[in-house]
Amino acid sequence: MKKYLQALVVIGALNISCSAIANPVSTMQSPLSIAFSPQQTSYKYSGVIHNDMTNDFSFYGQQGQKITTLVTSDSTKLWVTIKHPQMKQAVDISAISTNPNQRDTYTLPFTGQYHIAIGEYPTISKRNSTQNYSFSINIK
């Protein structure tokens, strides 16, 4: 019985550590809410990402609105995704977000709450690394 319980504890610990690797955790307490209004159509944030953690933002958008995002850092190891509850999966908008010469926009397909996640590619990141970055978003 004792060995059985020890095995369960080990399996449980492995399960927890594997799920933490497969699902990056936000370095923020909760998604940082961005409150857009007719007078406030842009937002800027400077932060730090540790290892494969993510920084998460949320905002309310209307179907058809266009967003422009820009993420700058000391490295090109960052990814950016956007997600809405009606989307099957997050959309990678890194190409339009991490190239300052690229001024593409992303058109919001639904009305409602959107979530943007910014993270470091785990296969490229070094153990115990941090990335300073700046994030800006404009909505039209």
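The model is predicted, so local features need pLDDT of at least 70 and side-chain atom pairs count only at pLDDT 80 or more, whereas totals for chains, interfaces and linings use all residues. Residues are numbered from 1 along each chain as its sequence is written, and side-chain values use heavy atoms, with hydrogens and water left out. The protein chain has two helices and nine strands, where helices (H or I, at least four residues) and strands (E, at least two) are DSSP runs numbered from the N terminus.

**Overall fold**

- Read from the N terminus on, the elements of the protein chain follow the order α-β-β-β-β-β-β-α-β-β-β.
- Of the 140 residues of the protein chain, 34% count as buried; buried stands for under 20% relative accessible area, exposed for over 50%, and partly exposed for values in between, with a 1.4 Å probe and protein chains only.
- The accessible surface of the protein chain comes to about 8900 Å², and 56% of this belongs to carbon and sulfur atoms; such areas come from the Shrake-Rupley method with a 1.4 Å probe, and for residues only the protein chains shown count as cover.
- Among contacts in the protein chain with a separation of 6 or more, 80% are accounted for by residues 24 or more positions apart, a contact being heavy atoms within 4.5 Å.

**The open sheet**

- Five strands form an open sheet with mixed pairing, in the order β1-β3-β8-β5-β6; two strands pair if DSSP finds at least two bridges between them.
- At the edges stand β1 (32-34) and β6 (91-92), each with a single partner strand, so one side of each is left without a neighbour in the sheet.
- The pairing of β1 with β3 is parallel and runs over three bridges, and Ile 34 stands opposite Phe 59 in β3.
- Ser 58, which is found in strand β3, is buried with a relative accessible area of 7%.
- Leaving aside neighbours within four places in sequence, Ser 58 is in contact with Pro 31, Leu 32, Ser 33, Ile 34, Gln 113, Tyr 114 and His 115.

**Aromatic pairs**

- A search of the whole structure finds five aromatic pairs; rings of Phe, Tyr and Trp (its six-membered ring) pair if their centres lie within 6.5 Å, and planes under 30 degrees apart count as stacked, over 60 as edge-to-face and the rest as tilted.
- One of these pairs is the edge-to-face pair of Tyr 45 and Phe 57, with 5.2 Å centre to centre and 75 degrees between the planes.
- Because Tyr 45 lies in strand β2 (residues 42-50) and Phe 57 in strand β3 (residues 54-61), this pair ties together parts that are 12 residues apart in sequence.
- Tyr 45 counts as partly exposed at 23% relative accessibility, while Phe 57 is buried with a relative accessible area of 0%.
- Phe 57 also forms a tilted pair with Phe 135, at 4.7 Å centre to centre and 35 degrees between the planes.
- This pair links distant parts of the chain, with Phe 57 in strand β3 and Phe 135 in strand β9 (residues 130-139), 78 residues apart.
- Phe 135 is buried, with a relative accessible area of 1%.
- Ring pairs link Tyr 45, Phe 57, Tyr 133 and Phe 135 into a cluster.
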